[in-house]
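Subject: Structure handover and findings

Dear colleague,

My notes on the structure follow directly after it.

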Amino acid sequence: MRITANSFMPVEAKIIIDGKSYTGEEFNRLVEALRAPSLTDDQQVVLEWLKWKRQEGSQPIECLYALAFGDAIESVIIAYINLTDTEQFQVLAAFAEWGLKEDNQ
């Protein structure tokens with residue numbers, strides 16, 4: 001058998017963890033899913049309102065100020081009041097991540 005440059009097939013790298021094989025794309029999706037915890041319904045309501053407020057032209061800190069001092073519809077205020085400190089930090093992290101992506105586009 002003669003081997004030439006054209007006789008090699010490209011091989012996709014695999015990542016093996018605990019005996020399970022993942023493609024690079026599958027592995028990246030898993031890491032992203034672990035990195036970003038899913039938000040509760042109340043967190044999602046607050047996050048969507050913050051995004052809307054930002055898209056209406058408010059500065060990021062102004063969005064938070066408006067939320068904290070009741071410049072939102074009742075359903076958003078109720079959702080915000082129901083959040084624990086940890087859930088609030090998660091919303092802030094998601095808002096910051098979204099804002100940084102939007103700002104870089």
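Conventions

This is a predicted model, in which local features need pLDDT of at least 70 and side-chain atom pairs count only at pLDDT 80 or more, while totals for chains, interfaces and linings use all residues. Residues are numbered from 1 along each chain as its sequence is written, and side-chain values use heavy atoms, with hydrogens and water left out.

Overall arrangement

The chain has five helices and two strands; helices (H or I, at least four residues) and strands (E, at least two) are DSSP runs, numbered from the N terminus. Along the sequence their pattern reads β-β-α-α-α-α-α. Of the 105 residues, 19% count as buried, where buried means under 20% relative accessible area, exposed over 50%, and partly exposed in between (1.4 Å probe, protein chains only). Among contacts (heavy atoms within 4.5 Å) between residues at least 6 apart in sequence, 51% join residues at least 24 apart.

Two packed helices are described by the angle between their axes and the distance between the axes. Here the axes are lines fitted to C-alpha atoms, for helices over the stretch in contact, and angles run from 0 to 180 degrees between N-to-C directions. A crossing is left-handed if the near helix is turned anticlockwise from the far one by less than a right angle, and right-handed if clockwise.

Helix H2 (residues 41–55) and helix H5 (residues 85–103) have axes that come within 10 Å and cross at roughly 35°. The crossing of H2 and H5 is right-handed. On the H2 side the contact involves Gln43, Val46, Leu47, Leu50, Lys51, Arg54 and Gln55, and on the H5 side Glu87, Gln90, Val91, Ala94, Phe95 and Trp98. By class, the residues of this contact are seven nonpolar, three polar and three charged. For these classes, Ala, Val, Leu, Ile, Met, Phe, Trp, Tyr, Cys and Pro count as nonpolar, Asp, Glu, Lys and Arg as charged, and the others, Gly among them, as polar.

H2 also packs with helix H3 (residues 60–68), at an angle of about 130° and with the axes 9 Å apart. H2 is therefore oblique to H3; angles under 35 degrees count as roughly parallel, over 145 as roughly antiparallel, 65 to 115 as roughly perpendicular and the rest as oblique. The crossing of H2 with H3 is right-handed. Val46, Trp49, Leu50, Lys53 and Arg54 of H2 meet Pro60, Cys63, Leu64, Ala66 and Leu67 of H3. This contact holds eight nonpolar, no polar and two charged residues.

With H4, the axis of H2 comes within 8 Å and crosses at roughly 125°, so H2 is oblique to H4. The crossing of H2 and H4 is left-handed. Asp42, Val45, Val46 and Trp49 of H2 meet Ser75, Val76, Ala79 and Tyr80 of H4. The residues of that contact divide into six nonpolar, one polar and one charged.

Aromatic pairs

Rings of Phe, Tyr and Trp (its six-membered ring) pair if their centres lie within 6.5 Å; planes under 30 degrees apart count as stacked, over 60 as edge-to-face and the rest as tilted. By this rule there are three aromatic pairs. One of them joins Trp49 and Trp52, tilted, at 6.3 Å centre to centre with 45° between the planes. Both residues lie in helix H2, three residues apart, about one turn of the helix. Trp49 is buried at a relative accessible area of 8%, whereas Trp52 is partly exposed at 44%. Tyr65 and Phe69 form another tilted pair, at 4.5 Å centre to centre with 40° between the planes. Tyr65 is exposed at 55% relative accessibility, and Phe69 is exposed at 60%.

Individual residues

Lys51, in helix H2, counts as buried at 16% relative accessibility. Leaving aside neighbours within four places in sequence, Lys51 is in contact with Phe95 and Trp98.

Ala79 lies in helix H4 (residues 74–81) and is buried, with a relative accessible area of 3%. Not counting residues up to four places away in sequence, Ala79 touches Asp42, Val45 and Val46.

Asp18 has a positive phi of about 50° although it is not a glycine. Asp18 is placed in the loop between strand S1 (14–17) and strand S2 (20–23) and counts as exposed, at 82% relative accessibility.
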